Amino acid sequence: MSHNHLSLFPAVRMGLRIGLLAIILAVLAGPAGAHAASVDAGRQVFAQCAACHSVDGRNGVGPSLKGVLGRRAGTVPGFRYSRALKTSGKTWDADTLSAYVANPQAVVPGNHMPFSGLPDAGERADLLAYLATLK
Ligand code: HEC
């Protein structure tokens with residue numbers, strides 16, 4: 001009886017040590033890993049867009065960005081798009097949207113968005129995480 005109990009003890013200790021190691025590795029991997037996109041940070045970045053873009057379906061200076069991910073470019077009803085955007089053939093996914101926001105004129109030449117671009121990839125990743133919440 002007591003013999004069995006004693007022989008289990010090292011195994012339990014070993015298990016604890018492995019568990020502790022896993023926790024330490026997980027903590028270390030967090031900040032060292034790739035930029036984790038943050039919806040809250042993205043909401044702050046969106047302040048640069050909010051003067052022209054609503055998130056509730058209403059069009060302003062720019063078309064509403066409600067549901068923008070997965071949408072074909074230039075298709076929000078009631079918004080007068082430039083010919084460039086309407087005929088761009090793009091669908092807004094994480095890649096096309098990030099590229100457009102980084103440099104609108106390079107990605108859709110001749111489009112009418114009066115925004116020079118968001119060069120910071122981390123800010124764009126945050127912004128994308130936020131835009132993905134606008135269903
Ligand atoms: C000063 C106004 C203004 C600002 C600031 C602005 N936009 Fe725009 N945006 C527009 C206009 C106007 C269009 C339509 C352009 C066209 O028709 O060529 C547009 C178009 C777009 C489109 C295409 C939408 C569609 O339905 O195809 C996206 C996506 C977009 N903007 C995202 C953004 C994001 C993200 C930001 C902030 C980083 C931003 N815009 C900042 C005015 C603005």
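1. Contact between H4 and H6. In this predicted model, Ala94, Leu97, Ser98, Val101 and Ala102 of H4 meet Arg124, Leu127, Leu128 and Leu131 of H6; contact is taken as C-beta atoms, placed from the backbone, lying within 7 Å. By class, this contact has seven nonpolar residues, one polar and one charged. Nonpolar covers Ala, Val, Leu, Ile, Met, Phe, Trp, Tyr, Cys and Pro, charged covers Asp, Glu, Lys and Arg, and the others, Gly among them, are polar. Helices are DSSP runs (H or I) of at least four residues, numbered from the N terminus.

2. Geometry. The axes of H4 (residues 94-102) and H6 (residues 121-131) come within 10 Å and cross at roughly 125°. The axes are lines fitted to C-alpha atoms over the stretch in contact, with angles from 0 to 180 degrees between N-to-C directions.

3. Burial in H6. Arg124, Asp126, Leu127, Leu128, Tyr130 and Leu131 are the buried residues of H6 (20 or more other C-beta atoms within 10 Å of their own, all placed from the backbone). They pack against H2 (39-45) and H4.

4. Ligand shell. The ligand is surrounded by 28 residues, the closest being Cys49, Cys52, Gly62, Ser82 and Asn111; a residue is counted if its C-beta atom, placed from the backbone, lies within 6 Å. H3 (83-86) and H4 are the elements giving two or more residues, and H4 gives the most, with three. The shell has 21 nonpolar, seven polar and no charged residues.

5. Basis. Residues are numbered from 1 along each chain as its sequence is written. In this predicted model, local features need pLDDT of at least 70 and side-chain atom pairs count only at pLDDT 80 or more, while totals for chains, interfaces and linings use all residues.

Technical notes:
Contact = placed C-beta atoms within 7 Å. Buried ≥ 20, exposed ≤ 12 C-beta atoms within 10 Å, placed from the backbone.
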